[in-house]
Amino acid sequence: MLDDALIQQLALELHQAEKTRVQVEHFSKRHPGMTVQDGYAISRAWVAMKIAEGRTVRGHKIGLTSRAMQVASQITEPDFGTLLDDMFFAEGGDIPMQRFILPRVEVELAFVLHKPLRGEPGRPPVNIFDVLAATEYVVPAIEIIDARIEQHDRHTGAMRKVFDTISDNAANAGIVTGGRPVRPDAVDLRWCGALLYKNGVIEESGLAAAVLNHPATGVAWLANKLAPYGEGLEAGEVVLGGSFTRPVAAAAGDTFHADYGPLGNIAFRFV
């Protein structure tokens, strides 16, 4: 386990990397004894720095929800990060490239809550039915992910480890919502699908069932995961349920369009 001073130091490295757009080297390489708990401690310390500068929490994201990604990361559960107010971008608009280092986009569903969800010791865990009952509506969403910690080590080419990704706020950087909000019981969410276009070409497609068999599963998992911290999911928060496509790289000038069929569309451009 890393001590508190080192956790604060590494969180500050992430904070500066995001502001300067200069990636830092793998934490896991520099600190081989690092654990998943250390990763979350660094992420939480970084978020606390942002809140101290005036940012506010708007929700949460869940990542590594597909079986393939979990196997590749050598873990058996998803990870999570925090959505802050400055991470939300308008649908149909221009997104400034200078906000990111190496942005990529993923297709997801977002859950907007009208009731809090909290896992509590001694009580049955939160399940997907609790999530659906607490959800005001579900809306198409695109997550913009980024890498403040370099994805491949600059010296060896080795891929970063899950500890690094968790530290990096689960790679979260932005969110765009759009399309048609629906009540959670109005459609079978497992069969909500999307086509992701980049510059007019279909790059990815998928179904929401790829997210832990049901996109609400990750939301329930997160409510239970936050319980040991004395926290939960609050009314009004937005929760990104997890991607059902692979991430697609973006560059300045790229236009993205996600077609969710009956749930509508999301479009934006990086400038």
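This is a predicted model: local features need pLDDT of at least 70, side-chain atom pairs count only at pLDDT 80 or more; totals for chains, interfaces and linings use all residues.
Local features were considered at pLDDT of at least 70 and side-chain atom pairs only at pLDDT 80 or more, whereas totals for chains, interfaces and linings use all residues. Residues are numbered from 1 along each chain as its sequence is written, and side-chain values rest on heavy atoms, with hydrogens and water left out.

Helices (H or I, at least four residues) and strands (E, at least two) are DSSP runs, numbered from the N terminus. Helix H7 spans residues 215-226 and is largely enclosed by the rest of the structure, because 9 of its 12 residues are buried (under 20% relative accessible area; exposed is over 50% and partly exposed lies in between, with a 1.4 Å probe and protein chains only). Among these buried residues are Pro-215, Val-219, Trp-221 and Leu-226. The elements covering them include helices H3 (36-52) and H5 (128-134), together with strands S1 (57-63), S2 (79-84), S5 (104-113) and S10 (238-240).

Strand S1 is likewise largely enclosed, since 5 of its 7 residues are buried. Strands are taken to pair if DSSP finds at least two bridges between them. S1 pairs with S2 in the antiparallel sense over 6 bridges, and Gly-63 stands opposite Asp-79 of S2. With S10, S1 pairs in the parallel sense over 3 bridges; here Leu-240 is the bridge partner of Lys-61.

Val-187 lies in the loop between strands S7 (172-177) and S8 (193-198). The residue is partly exposed, with a relative accessible area of 27%. Leaving aside residues up to four places away in sequence, Val-187 touches Val-182 and Cys-192 (contact meaning heavy atoms within 4.5 Å). Val-187 and Gln-98 are separated by 89 residues in sequence and by 38 Å in space, C-alpha to C-alpha.
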